[in-house]
Structure formats: C-alpha cells, structure tokens
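Let's take a friendly walk through some side-chain packing. Have the viewer open and follow along.

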Amino acid sequence: MSLLGGVAAAWPLAARAQQPAMPVVGYLNFGSPESDALRLTGLRRGLNQTGYVEGRNLAIEYRWAGNQADRLPALAADLVQLRVAVIVTSGLVSTLAAKAATTSIPIVFTAAADPAQLGLVASLNRPGGNLTGFNGFNAELGAKGLALLHELVPSTATLGFLENPNNPLSELLTRDVLAAASVIGLKVQILKASTDREIDAAFASLVQARTGALLVGGDPFFNNRIERLIELAARHAIPTMYLFSEFVVAGGLISYGSSLREIYRQVGLYTGRILKGEKPADLPVQQMTKLALTINLKTAKALGLQIPDKLLALADEVIE
C-alpha cells in the first residue's frame, strides 16, 4: 500500500512535467505602464478571443522604455534572450528595435504609415519575413483631421499642428498636414514636443500666437499623455482635434480615426493566431478600416463652440 501510494503521488508530477510549457509573449513599448492601460485592454481582449488568457495559459513579459528610445535595443535583446514566442511592439521605434534584435521570433507591430515603404515588410499582402501587424495610416488621417477641424472653426486662419520630432515619421506627417492646409488656404503653426515641458511650452506658444485651434499628431508619446493634453486644451480654451476616440471619451473635443483598444484587439488576434501555429510571413498587414468621427458636446459647450450641423450629421458618435 505504501509503495502504491508513492506511485500515485508521483503521477501528478509526471503529468505536469509532460505538459507543454506555457507560451510567453514579449511586449515592447516606448512608454510606461501607467499610460498603457488602453492598449493592454485591447491586446488581452484579442488574445482572449483566440483562447489565450494571461496567467492561465499564457504569460506576458512586459518591457517599457520609459519614453527613452535608447533603452529599446537592450529591452528587445532581453526579450529575445528569454526566447519569447512572439514580440508585440507599440509604435515604429519599438518595432525597429525588435526587428534589429531578431529575424526568427515573430513580431506583431503597429505602424503609423505604410509598413512596406518603411521597410518592415516585403508587401502588405505577403509580409514575407517575421513581421506583420496593423497599419494605422496616421499620415493620411492627419490631413483629414485638419480639414474637419477647419470645418469646426472656419473663421480661424491659422491652425497648430503638434508633432513629436523624435518620431521617425515626423517629416512625413508634417509634410502631409502642410499640403492639406495649402489646399484649403490655411496657415499652420508647427509645434514640436517630446517631453512634458515641451508640451506645456507648445500650448503657451499657441496662446501667444493666438492660434485658433490645434491638431495633435498620431504619436505614442502623445497617446501616453491623454489626460495632460485634454487638460491643457481646456485650460487654454483651444479647440483640439485628436486621432483616437479615447481622447474624446476622456473629455477631448473631437477626433477622427480609430480606437486604441480596437487596434490592439486586432494585434491580440494576430498574436493568438501565431501562437496557434500561423506564420507572420503569411498574415497580411491589416489596414485601419473602421474610422470614426467622435464629438464631445459637453466639451464644445465649455469652449463656447456651436458644432455645425454638417459635422453632427457626419459624426459616428456624439458624447453628450
């Protein structure tokens, strides 16, 4: 009986030893954990929809650079050394660091412009390497956002454009906005910010120049500063257009684009498919197809703005 009892006690241990190891996903982000809740909510939802639940049958190793781009290569190398199954990256700088660190571990990225032109993939339909992901089309949306903002404040001759000079796409984004402004006869005040202090200075410059409205560029740094940007826009009474609807839900005035949660849900879906055996080389880069115009009427009232009927008719979501 004693011998049989010892054998029975050993069975669970043997069974556990034979179970496959829990897959590990690496998550590489330029920002910080405090400002990443929206992305992670979407990522986990997408993973859950493919059958993966963090802590149950999946582990995630998080690496944040704390807004210091020079830390990303070492963080990416750390994830490679851990032999994670997939690396999820947020933004172009993080993606480039991961791409330089490995040619074998699958990488699922988010990009703000055509990933093929950026050299991340061979083509959108057939990425061909170890990278695939989601294209946010920020450059095109910046021009569209400018036009919508002009409809909101048609009497304003000069609009501000806030960009992050450290973004590798900064010149492309600025060029597209300036081209769009030229078409409708607007002047653009270019504002650069890559730190909290520079964001404060940018708003002070807007007030000093009496610029009538602001377009915030699509950039991970700004997406990590939702509350700060909304508070400054309200304090200085500057009508401001954003790229993601989360800004408007949090109290911003208007946005045209997608949702951070939805983008990262799609990233989670792709990550789950790769964990199940699909190859990134065969998974087409996903395009942003669901675009929404979101308006916050409460914020408009606080700014003393009357939203034109045309914009209200176009709005996909109106927050009252």
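## Aromatic pairs

Rings of Phe, Tyr and Trp (its six-membered ring) pair if their centres lie within 6.5 Å; planes under 30 degrees apart are stacked, over 60 edge-to-face, and the rest tilted.

The structure holds five aromatic pairs. Another of them joins Tyr 242 and Phe 247, with centres 4.6 Å apart and planes at 10 degrees, so it is stacked. Tyr 242 is buried at 2% relative accessible area, and Phe 247 is buried at 2% as well. Tyr 27, Tyr 62 and Trp 64 form one aromatic cluster.

## About the model

This is a predicted model: local features need pLDDT of at least 70, and side-chain atom pairs count only at pLDDT 80 or more, while totals for chains, interfaces and linings use all residues. Residues are numbered from 1 along each chain as its sequence is written, and side-chain values use heavy atoms, leaving out hydrogens and water.

## A buried loop residue

Asn 224 sits in the loop between helix 8 (220–223) and helix 9 (226–235); helices are DSSP runs of H or I, at least four residues, numbered from the N terminus. With 10% relative accessibility, Asn 224 counts as buried. Beyond its neighbours within four places in sequence, Asn 224 contacts (heavy atoms within 4.5 Å) Gly 31, Ser 32, Ser 35, Arg 39 and Asn 67.

Conventions. Helices (H or I, at least four residues) and strands (E, at least two) are DSSP runs, numbered from the N terminus. Buried means under 20% relative accessible area, exposed over 50%, partly exposed in between (1.4 Å probe, protein chains only).
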